[in-house]
Amino acid sequence: MDVEGDAGVEDDGRIRTGNLGTATAHAFTAAVGAGILALPWSMAQLGWILGCIVLISFALITYFTAILLADCYRTPDPVHGKRNYTYITAVRSLLGPTNEILCAIMQYALLWGTMIGYTVTTAISVAAVRRTTCFHANGQHAKCGVSGNIYMLVFGVIQIVLSQFPNLEKVAFLSVFASATSFAYAIIALGLSIAKLFSNHHVKGTLMVAYSDVPEAASAKVWHVFQALGNIALAYTFSMILLEIQDTLKSSPPENKVMKKATMFAIGGTTMFYITLGCMGYAAFGTNVAGNILAGFYHPYWLVVIANLCVILHIVGAYQVFGQPIFAINEKFLTTRFPASTFTTIYTIKLPCTKKSIYSFTLSKLLLRPLFVVVTTLLAMMFPFFNGILGLLGAIAFWPLTVQFPLRMYTEQFKIKKWSCRWICFQLLSFVSLIVTLVSGIGSVASMLDSLKKAKLFHINL
C-alpha cells in the first residue's frame, strides 16, 4: 500500500501533487487541439441529426473506455498494485510484449501523422493571415491567391532547429503555452461563428445528409461522410496520455477514482464545447463551411489574424511534443544496436560567447532528426489535405488505441470470463468501433486520392 507523507512522497520515491482539478485541466487541454477546427465541416457532412448523434456517441464511447483504462493504472490491483506510468507500459504489463510492439507502432504512426497534419495546418493558417491581410488592404473581391509551399518549407526549417534541443517535450512552459493558444483560437472560432450566425438572421444546414444527384459528387459525399467520422474521433483522442495524467495524482484518494471523475468533467466539458462550436459553425455557413473553420472568416481583421497566429504558435511547440518521442526511440535503438559506433558517440563542444555552456550531440541526432523533419515536410507538401489527414489520424487512433486496448486490458485486469454478458458487450463495442475505424480510414484515403486528381504535385494553393 502507498504511504503518502505531507510532501506527497509516494512509494516509488516520486512526489505527486496532482488532484481532481489539475487532472481535469490536463485532460481537457489534451483533447482540445487543432482537430476542433474541423468539427463544423464534419457536421456539414453529416447533417444536424446524424452530426449531433455522432458527436455524443463518440463522447460516450471515449468516456466509457477511459474509465476502464483508469482501472489499469495499477496492476494487478487497481488501488494498491504496481504502477503503470504510461499507456504502453500498461499494455506490456497486461497484454504482453507482442501487443506492446503493435501498440508502439500505432502510437508512433499517430505521432508522425500528427506532425504531418501540423505542417499542413501551419501553412493553412499562415496563408489565411496573408489572405486576410490582402483582403483588408485591397478589398473583399481582390485576387489574393496564396501558395503554401514556402510556408511549409519555412516551418520545416524552424522545426529542424528546434529538433536539436534536448527534452523539449518536457518543458512545462511549452505545455502551458500550447494549451493557452489552443484554447484561445477555439474560443475565437466559436465567437466568430456566433457573430456570423446572428448576422445571417437564419440558421443554415440540413437535417439529414445532403447528397447530390451528380454521380461524382455523390461518391465524394460518401467519402466525406466517412472522413467526418474520423475527424470527430480524433477530436476526442486523449486516451494515450490518460495514464500519464493519472500518474501525476496523489495516491489518496485512490488515483483511479479521481481520474474517473476528472474524465467525466473533461469529456463532458469538451463535448459541450464541441457541440457548440460544431453547431454554430454549421449554422453560420451551412454546407459551404470551410474544412478549417477559421479559413472562412476575414472580419474583424485583427481578431482573425490573432486566431490564426495562435494556431501557428500552438503548433510550433506542439510539433516537438509529438516529434521528440520519435527522435528518442530511434536514437535509443541505434545506441543499443551500435553502442561503439561513431554515429552514436556523444560529442561535446563549448558554445561561443559563453563561459560554461556546452552542447552535447551525436551524429545520429545531428543528421537523422533534420532528415526526419525534411521527410515529414515533403509528405505534407505532397498531401496538403487538412480534413483528410485528420480523418486518417482519427481512424488510426479510435479502434486500436481508444477502444480495443483499454477493453482488452480491463478484461485481463479483472479476469472477465469469456462469453459472459460483459465480455459479449465488450466484443460488440469493439466490433462497431472497428467498422467505424475502417470506413473512416477508407473515406479519408479515398478523399485524399480524389483531391490528388485535381492537384499538382508540390503545387499547393491555399
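Start by selecting C103: its relative accessibility is 0%, so C103 counts as buried (buried is under 20% relative accessible area, exposed over 50%, partly exposed in between, with a 1.4 Å probe and protein chains only). Before going on, know that this is a predicted model, where local features need pLDDT of at least 70 and side-chain atom pairs count only at pLDDT 80 or more, while totals for chains, interfaces and linings use all residues. Residues are numbered from 1 along each chain as its sequence is written, and side-chain values use heavy atoms, with hydrogens and water left out.

**Cysteines.** Jump to C421, which is exposed at a relative accessible area of 61%. Which cysteine sulfur is closest to that of C421? The one in C425, but at 4.4 Å it is too far for a bond. The disulfide count for the model is zero (a disulfide is a pair of cysteine sulfur atoms within 2.5 Å).

**Zoom out.** Colour by secondary structure and you'll get 13 helices and four strands (DSSP runs numbered from the N terminus: helices are H or I with at least four residues, strands are E with at least two). Of the chain's 462 residues, 51% count as buried. Take contacts between residues at least 6 apart in sequence: 81% of them join residues at least 24 apart (contact means heavy atoms within 4.5 Å).

**The core.** Now select I36, L37, F58, Y274 and M409. Within the largest nonpolar core, which has 117 residues, these five touch the most other members (such a core is a set of buried Ala, Val, Leu, Ile, Met, Phe, Trp, Tyr and Cys residues joined through side-chain atoms within 4.5 Å). Helix α2, residues 39-70, gives this core the most, namely 15 residues. Centre on F58 and show its surroundings: beyond its neighbours within four places in sequence, F58 contacts L229, I232, A233, Y236, F398 and V436.

**Salt bridges.** There are six to find (a side-chain nitrogen of Lys or Arg within 4 Å of a carboxyl oxygen of Asp or Glu). Pick D71 and K260, whose side chains meet at 2.9 Å, N to O. D71 sits in the loop between α2 and β1 (74-75) and K260 in helix α9 (residues 255-285), so this pair ties together parts 189 residues apart in sequence.

Next, select E255 and R74, with their closest N and O atoms 2.8 Å apart in a salt bridge. E255 belongs to helix α9 and R74 to strand β1, so the two tie together parts 181 residues apart in sequence. Both are buried: E255 has 1% relative accessibility and R74 has 0%. Shared partners join R74, R83 and E255 into one network.

Finish with I49, L50, I53, L207 and M208, which make a nonpolar surface patch of about 470 Å² (patch residues have over 30% relative accessible area and no salt bridge; like charges are joined within 9 Å, nonpolar side chains, meaning Val, Leu, Ile, Met, Phe, Trp and Tyr, within 5 Å). M208 is in the loop between α6 (172-200) and α7 (215-235), and its 54% relative accessibility is why M208 counts as exposed.

Technical notes. Areas by Shrake-Rupley, 256 points an atom, 1.4 Å probe, with all protein chains shown as cover.
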